[in-house]
Amino acid sequence: MSESSGAAVVPERKYIPRRSLMYVPGNDERKINKIPQLAASGADCICLDCEDGVAINKKEEARNSIRKILDEQSLDFGRSECTVRINGVGSGFEQIDMETILSGPNLPSSVHLPKVENLDHLEWFAAELNSVIASNAAQKIGLILFIETAEGLLNIKEICRRAQELSDDSFFVPEAIVFGSDDFAADIGATRTKLSTELFYARQAVVTAAKAFRMQAIDCVYIDFKDLEGLEKQSLEGAGFGFTGKQVIHPGQIGLVQKAFTPPEHRLQWATQLIKEFDEHQEAGAGAFVFRGQMIDMPTVKQAKNVLQLIAKDS
Amino acid sequence: MSESSGAAVVPERKYIPRRSLMYVPGNDERKINKIPQLAASGADCICLDCEDGVAINKKEEARNSIRKILDEQSLDFGRSECTVRINGVGSGFEQIDMETILSGPNLPSSVHLPKVENLDHLEWFAAELNSVIASNAAQKIGLILFIETAEGLLNIKEICRRAQELSDDSFFVPEAIVFGSDDFAADIGATRTKLSTELFYARQAVVTAAKAFRMQAIDCVYIDFKDLEGLEKQSLEGAGFGFTGKQVIHPGQIGLVQKAFTPPEHRLQWATQLIKEFDEHQEAGAGAFVFRGQMIDMPTVKQAKNVLQLIAKDS
Amino acid sequence: MSESSGAAVVPERKYIPRRSLMYVPGNDERKINKIPQLAASGADCICLDCEDGVAINKKEEARNSIRKILDEQSLDFGRSECTVRINGVGSGFEQIDMETILSGPNLPSSVHLPKVENLDHLEWFAAELNSVIASNAAQKIGLILFIETAEGLLNIKEICRRAQELSDDSFFVPEAIVFGSDDFAADIGATRTKLSTELFYARQAVVTAAKAFRMQAIDCVYIDFKDLEGLEKQSLEGAGFGFTGKQVIHPGQIGLVQKAFTPPEHRLQWATQLIKEFDEHQEAGAGAFVFRGQMIDMPTVKQAKNVLQLIAKDS
């Protein structure tokens, strides 16, 4: 929860919703040119990808293209967050990815670090980021961690804790955990099904850890992009489990997923009224207070503020 | 499992079943006057509440009223255990709650400590209890811990272990873990449903940790108190998962819940016969022995004794 | 994953599948004489049991009979692995079991260690094995750990890690975790059902830990041996969760279970082709490469090799 202290004194980041998280391969010019349409369709987060969406012999092309996109700032991301997924620590591409993409004058809003399995991975990333990034960076960048192996899941508590510790002296803020469902299933030898029973334990373990550290939890991909009914069901299930967003692999999935992870009207009214009363109590010098029969503490106030930020973004 | 050693030399506590755990707000005179009826309806555990059932501006009234109930001993709790839930560590009320309620000549049988999230919470409680409680206390009091946040669940193993360590030099014995379902769901941003699929992971994680430390596990509340069919289904599911009891919020839930967590007839016969044979083997100087084809070790003997204590209480 | 270093310099073990794991009580002559039939029916692993399948007053007979079977080598195990289950650490039988069974010239392929709950259990086993086993053992034996109590499950990560550490200087290689479903259910006070909902958390936790340490995960027993439809359903569910095999209690369960845990034809083709391309890339000096759109790293290569070893065994 401590978000900014130590060496890097930069402005605090505001809350960024990531209800839908859409990947665009960094080397795929045709798809890159369609980014303004993705943004217009309302995707909260558009990720320029160097990792799984990019073939080995296209890695160089992808990272150079992403650097160019950041440098030129000519693509209209609208209200969507512009992020980058580098290759994982140990892939052999991670260092050149970071040197190429994160050393320029314009940074992505957040970096996705895939296949985080242990503390070494995080520590390498933090050190490398501090060495690569311009020391006059306007603000910290968000870190979006991927848990997508059995080892990563087994170490998730230690990984989250270390990410928060490292952020004190580094240029990142750990903001989200993505559950990489298909890599995870492959790693444990599970077979993916539409009901995802085989991922029950892992999904709820990821939500629990993410929320304990006040991070977002981003749910698995729904592979069959033609089955919108199945997508809606799984999206609502994920939202009900406590996930705050979902990865999407097709533009046609964005609208439905955004809606599933948007708080309903009554939740907005609850948040609006709560923050109003909280502000009144603050002015009157009172601490905790009762709202609709419930004692309101700071985490609840933060929850309500997050709800309102979602609205602010939409209006 | 070590129950009494170190500084506080007091008699060991006997096993107290908590099949149904009913809350009564400490400041609600009308409900307090109905406690004898709750006891008559068979609730194993009646908890005088200072926490979630009591509004902020009624906290003082609640704690003074509870102290008065303990002092006067005029309310008939029958065979029900009389317990008290104080406010959680960090709420700002925990110290005055303990000083008011636990410094008198008569103590509740057990104290409920809500929202335990980390070892600091436990350590504060243990130190405060030792400073507040009369050093000539007739016996240790039971400690009933609440796991009801993501952080608490993430730390449950360490919390249980530390509770057992601290009990050696303190006036409490950790006896039960309550899974605070609705606070937990709010904390992780989950939506409560009747099937409680969203709590699957958390409920089974709580049972596993509680049983590893030979503590009771007390299941979630069933909110819709008019739906007795749903209540019965969830109660039997909980009992089948290994929970030993369930929180109730309405007198009409008590009978059904007590029954769901009472071992069936064949289990009683198993326990009766097993203890009989165990006693015979003990007299003959034998150690482990075979009963109905199964090797009987001490945990199984303890299980059987617990079953019999439930009966003893009922007869 | 480090399989052989330190004091004991012996050949590496090849991969041994354990799709079905069948127990034979060490003292039951009639069943022992039927081992060649079990082997002929295709059981990957046949375990000579000293533990739960053997009554207290038959323990001595069982361990002596097992030693005799190993010494005489006259029973035809065919392509089945010959293993032994000793009694658990703390049972009072573990030392004499190991001294009797593991001190001869012929060793079982693997030893099953039941009811592993903490690091002490493992450390005792490792030390005892080093003291008992002939120092000129031809190769290390496999260690098959049982997680079947709440405490064991709570410590599973530490147990797996310690098993791998200890294997460096000991004569065993940790190869598999068995989930002991019925002991586990008894330990947490759960009631076994055909759907096994009560074991959901535990089963998926065991798979996750096993796979994080690249060990096999062997699923629960299906008690009702006459219900082949139910057995098939649970076997396929287990395989879908990532288990690599299943315990069986009746010869009639073997064929169906073997089939459920055998990779289907398309998986075999995937593995065959992948290894072919991997070998080509190795010759060309390339590292990671793309296969069917996926980056291939060493764990995936190992998965593919395991698949092929299953075939090799069958042909």
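What covers the buried residues of helix α3 in chain A includes β1 (20-25), β2 (45-49), β3 (81-85) and α4 (94-101) of chain A. A quick word on the ground rules: this is a predicted model, where local features need pLDDT of at least 70, side-chain atom pairs count only at pLDDT 80 or more, and totals for chains, interfaces and linings use all residues. Residues are numbered from 1 along each chain as its sequence is written, while chains are lettered from A and ligands numbered from 1 in the order in which they are written.

Helices (H or I, at least four residues) and strands (E, at least two) are DSSP runs, numbered from the N terminus. Buried means that 20 or more other C-beta atoms lie within 10 Å of a residue's own, with C-beta atoms placed from the backbone. By that test, the buried residues of α3(A) are A:Lys59, A:Ala62, A:Arg63, A:Ser65, A:Ile66, A:Arg67 and A:Ile69. The helix has 14 residues (59-72), which should span 20 Å at 1.5 Å a residue, and its end C-alpha atoms are 20 Å apart, in agreement. The expected span here is 1.5 Å times one less than the number of residues. Just past the helix, A:Gln73 takes a positive phi of about 55°.

Further along, A:Ala217 sits in strand β7 (residues 216-219) of chain A. A:Ala217 is buried, with 25 other C-beta atoms within 10 Å. Contact means C-beta atoms, placed from the backbone, within 7 Å. Leaving out residues up to four places away in sequence, A:Ala217 touches A:Ile177, A:Val206, A:Val207, A:Ala210, A:Lys211, A:Gly242, A:Phe243 and A:Thr244. From A:Ala217 to A:Gln282 it is 65 residues in sequence and 30 Å in space, C-alpha to C-alpha.

**Strand β3 in chain C**

Now over to chain C, where 5 of the 5 residues of strand β3 (residues 81-85) are buried, so the strand is largely enclosed by the rest of the structure. C:Glu81, C:Thr83 and C:Arg85 point one way and C:Cys82 and C:Val84 the other, and all are buried. Strands count as paired if DSSP finds at least two bridges between them. Here are the two partners of β3(C):

| Partner strand | Sense | Bridges |
|---|---|---|
| β2(C), residues 45-49 | parallel | 5 bridges |
| β4(C), residues 110-113 | parallel | 3 bridges |

The chain gets from β2(C) to β3(C) through helix α3 (residues 59-72) of chain C, in a right-handed β-α-β crossover. From β3(C) to β4(C) the chain goes through helix α4 (residues 94-101) of chain C, and that β-α-β crossover is right-handed too. Right-handed means that, with the strands pointing away from the viewer, the path from the first strand over the helix to the second runs clockwise. As for individual bridges, C:Leu48 has C:Val84 as its partner in β3(C), and C:Thr83 stands opposite C:Ser110 in β4(C).

**How chains A and C go together**

Chain C can be laid on chain A with an RMSD of 0.1 Å by a turn of 120° and a shift of 0.0 Å along the axis. That is the relation of a three-fold axis. The superposition is by least squares on C-alpha atoms of residues with pLDDT of at least 70 in both copies. C:Tyr201 is the residue of chain C that comes closest to the rotation axis, at 3.6 Å (C-alpha).

The contact takes 19 residues from chain C and 17 residues from chain A. On the chain C side, α9 (200-212), α10 (228-241) and β9 (289-291) each supply at least two residues, and α9(C) gives the most, with 9 residues. Only 11% of the interface residues of chain C are also interface residues in chain A, so the copies meet through different surfaces.

Key. A residue is buried if 20 or more other C-beta atoms lie within 10 Å of its own, exposed if 12 or fewer, and partly exposed in between; C-beta atoms are placed from the backbone. Two residues are in contact if their C-beta atoms, placed from the backbone, lie within 7 Å.
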